[in-house]
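Have a go at each task before you read its solution.

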Amino acid sequence: MTTGDPSAVLAGDRSSLARAGTAERVAQILRQRITEGVFLPGTRLSEPAISGALGVSRNTLREAFQLLAHERLAVRELNRGVFVRELTAPDIEDLYRIRRMVECAAVREAADREGPVLTGLEGALATGKLAAAAEDWQTVATASIQWHQALSELAGSDRVAGTMRQVLAETRLFFVLTESTRAFFEPYLARHEKINGHLRRRRFDLAEQALERYLRDAERQLLAAYHRRETS
């Protein structure tokens, strides 16, 4: 998924609102597009453009914005409008603390279940590899988010999966710090493959250890990128 014209991207989502044009569904669409990098941190979420693209009322859209603000994905600035939130170093630390708690626990939960379904993990890895071959690093980033979402779903809990959708949408806001480069994303594809291999062999202990190291390394890299940007 490339950024392109957000209004054109959202126009494609309009048909999905035909049966459920609610604020919750609008928020779900916008959350997904934030996760995919269609709306980058600091982007103004234009009411006329988005309501027109989705074919929803301004009131419905404002309710959706309130939901996104509650999820810490958007912020309303007085007399300026609603913007995709820009996060801070403490946000990075807090998000990765939550991710280690939830994702590692999901792997442990999978160990207690019969034959956890790895289809989502394998599919996200395949998507990431194809995108890497085409040097489309933004799509590699989106595939990485999808891989982590699939990993959280190994817990077999809709609530865990829902929590991770919000957490991963926030995490995606930090990817702007990486400039979508091969140097950042390519090594993590190899880590996805290694963890998938551990899970296929039901070596959940090794999968959890590899995942813990992965998340700590990603946190350190993002913090370093954040501080470089702040001091440049």
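The exercises below cover a helix pair, an aromatic group and one further residue.

This is a predicted model, in which local features need pLDDT of at least 70 and side-chain atom pairs count only at pLDDT 80 or more, while totals for chains, interfaces and linings use all residues. Residues are numbered from 1 along each chain as its sequence is written, and side-chain values use heavy atoms, with hydrogens and water left out.

**Exercise 1.** Describe how helix 2 and helix 4 pack.

Solution. Axes are lines fitted to C-alpha atoms over the stretch in contact, with angles from 0 to 180 degrees between N-to-C directions. Helix 2 and helix 4 are therefore oblique to each other (under 35 degrees is roughly parallel, over 145 roughly antiparallel, 65 to 115 roughly perpendicular, and the rest oblique).

Now list the contacts (heavy atoms within 4.5 Å). From helix 2 come A23, E24, V26, A27, L30 and R31, which meet T60, L61, E63, A64, F65, L67 and L68 of helix 4. Sorted by type, the residues of this contact are nine nonpolar, one polar and three charged (Ala, Val, Leu, Ile, Met, Phe, Trp, Tyr, Cys and Pro are nonpolar, Asp, Glu, Lys and Arg charged, and the others, Gly among them, polar).

**Exercise 2.** How are the rings of F184 and F185 arranged?

Solution. First, recall that a pair of aromatic rings is described by the distance of the centres and the angle of the planes. The structure holds four aromatic pairs (Phe, Tyr or six-membered Trp rings with centres within 6.5 Å; planes under 30 degrees apart are stacked, over 60 edge-to-face, the rest tilted). For F184 and F185, the centres are 4.8 Å apart and the planes at 85 degrees, so the pair is edge-to-face.

Then move to Y188: its ring centre is 5.5 Å from that of F184, with the planes at 45 degrees, so this pair is tilted. F184 and Y188 both sit in helix 9 (residues 182-200), four residues apart, about one turn of the helix. Finally, widen the view: W147, F184, F185, Y188 and Y214 form one aromatic cluster.

**Exercise 3.** Is L206 buried, partly exposed or exposed?

Solution. Find L206 in helix 10 (residues 204-231). Its relative accessibility is 27%, so L206 counts as partly exposed (buried is under 20% relative accessible area, exposed over 50%, partly exposed in between, with a 1.4 Å probe and protein chains only).

Methods:
Helix = DSSP H or I, 4+ residues; strand = E, 2+ residues; numbered from the N terminus.
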